[in-house]
Amino acid sequence: MNIRQIDKKDIPAVALLHKQSFDKTHFTAFFSTELLSRYIKVLIDYNPYSYLAEEGDRILGYLIGGNKTGAALDNFSKNNYLKIILTLLLHPGFILEKIQSVLLKINKVKISEVEYKIYIIASLPEAQGKGIGRALMNTFENELRIKGIKEYGLSVREQNNNAISFYENNNFIRINKIHKSLYYKKIL
Ligand SMILES: CC(C)(COP(=O)(O)OP(=O)(O)OC[C@H]1O[C@@H](n2cnc3c(N)ncnc32)[C@H](O)[C@@H]1OP(=O)(O)O)[C@@H](O)C(=O)NCCC(=O)NCCS
């Protein structure tokens with residue numbers, strides 16, 4: 001298995017992997033492949049720590065991390081709001097969650113002190129439990145250590161038991177819970 005930085009040409013394949021890996025409790029699972037490609041492109045443009053794991057020409061997993069996720073999401077929302085609203089109208093179960101996250105932002109609720117985050121980590125369903133997630137995380141952490149960064153965090157949905165076990169097995173400490181999201185940090 002090889003791990004390398006994600007390149008723009010990888011975006012359609014990464015979008016496909018995202019669709020296969022995230023279940024229907026995630027809003028982005030309902031994005032079209034084209035909208036997901038735009039989403040991943042913006043996240044990669046803003047966040048320098050973006051890696052994929054590959055075997056031959058098959059992408060098995062990916063990670064996007066950095067400290068500019070908020071700005072990336074603002075940019076994505078501003079440029080794609082009609083498509084996002086349409087997706088919400090087609091899947092109204094997510095409307096309350098989106099209103100809650102906008103209110104947190106308006107009220108400037110401080111969720112966590114950490115600056116750097118893993119925003120997305122995923123492995124192909126058939127490749128899970130084989131060390132791909134951990135290898136991607138190690139690559140990200142090594143880069144942060146080189147830059148002198150001492151901690152980072154992430155959030156996960158409270159019903160995502162696989163990911164929660166993965167993070168807790170990997171020394172993350174739970175620091176907060178807001179609505180249906182759990183917030184973790186890890187000291188490097
Ligand atoms: C969470 C996820 C990224 C983990 O990736 P992975 O490639 O399966 O993880 P790894 O194989 O590297 O596992 C590393 C460790 O976590 C543990 N782990 C992985 N999946 C687990 C599970 N379902 N239950 C319990 N432990 C698990 C492994 O046992 C392993 O621990 P060990 O080395 O001590 O045995 C993967 O399950 C995934 O893509 N899920 C869907 C997308 C998602 O929900 N992403 C997170 C969003 S917040």
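**Helices, core and ligand shell**

Mentor: The buried residues of α2 pack against α1 (11-21), β2, β3, α3 and β4. Here helices (H or I, at least four residues) and strands (E, at least two) are DSSP runs numbered from the N terminus. A residue is buried if 20 or more other C-beta atoms lie within 10 Å of its own, exposed if 12 or fewer, and partly exposed in between, with C-beta atoms placed from the backbone. This is a predicted model, in which local features need pLDDT of at least 70 and side-chain atom pairs count only at pLDDT 80 or more, while totals for chains, interfaces and linings use all residues. Residues are numbered from 1 along each chain as its sequence is written.

Trainee: Which residues of α2 are buried?

Mentor: Helix α2 has 14 residues and reaches 20 Å from its first C-alpha to its last, close to the 20 Å expected at 1.5 Å a residue. The expected span is 1.5 Å times one less than the number of residues. The buried residues of α2 are Leu36, Tyr39, Ile40, Leu43, Ile44 and Tyr46.

Trainee: Which residues touch the most other members of the largest nonpolar core?

Mentor: A nonpolar core is a set of buried Ala, Val, Leu, Ile, Met, Phe, Trp, Tyr and Cys residues joined through C-beta atoms within 7 Å. The largest one has 38 residues, and those touching the most other members are Leu43, Tyr62, Leu63 and Leu136.

Trainee: Which helix gives the largest share of this core?

Mentor: Leu43 is among the buried residues of α2. Leaving aside neighbours within four places in sequence, Leu43 is in contact (C-beta atoms, placed from the backbone, within 7 Å) with Ile64, Ala72 and Tyr119. The largest share of the core, six residues, comes from helix α2.

Trainee: Why do the buried residues of α5 lie on the same side of the helix?

Mentor: The buried residues of α5 are Ile132, Gly133, Leu136, Met137 and Phe140. An α-helix has 3.6 residues a turn, so residues three or four places apart point the same way. On the other side of α5, Asn142, Arg145 and Ile146 are exposed.

Trainee: Is Leu17 buried or exposed?

Mentor: Leu17 is found in helix α1. Leaving aside neighbours within four places in sequence, Leu17 is in contact with Ile59, Tyr62, Ala122 and Leu124. With 24 other C-beta atoms within 10 Å, Leu17 is buried.

Trainee: How does Phe94 count, and with how many C-beta neighbours?

Mentor: Phe94 lies in the loop between α3 (69-90) and α4 (95-106). Leaving aside neighbours within four places in sequence, Phe94 is in contact with Phe27 and Leu88. Because Phe94 has 15 C-beta neighbours inside 10 Å, Phe94 counts as partly exposed.

Trainee: Which element gives the largest share of the shell around the ligand?

Mentor: Of the 20 residues around the ligand (C-beta atom, placed from the backbone, within 6 Å of it), Gln128, Gly133, Arg134, Asn162 and Ser165 come nearest. The elements that give two or more residues to this shell are β4 (117-123), α5 (132-146) and α6 (161-169). The largest share, five residues, comes from α6.

Methods
Contact = placed C-beta atoms within 7 Å.
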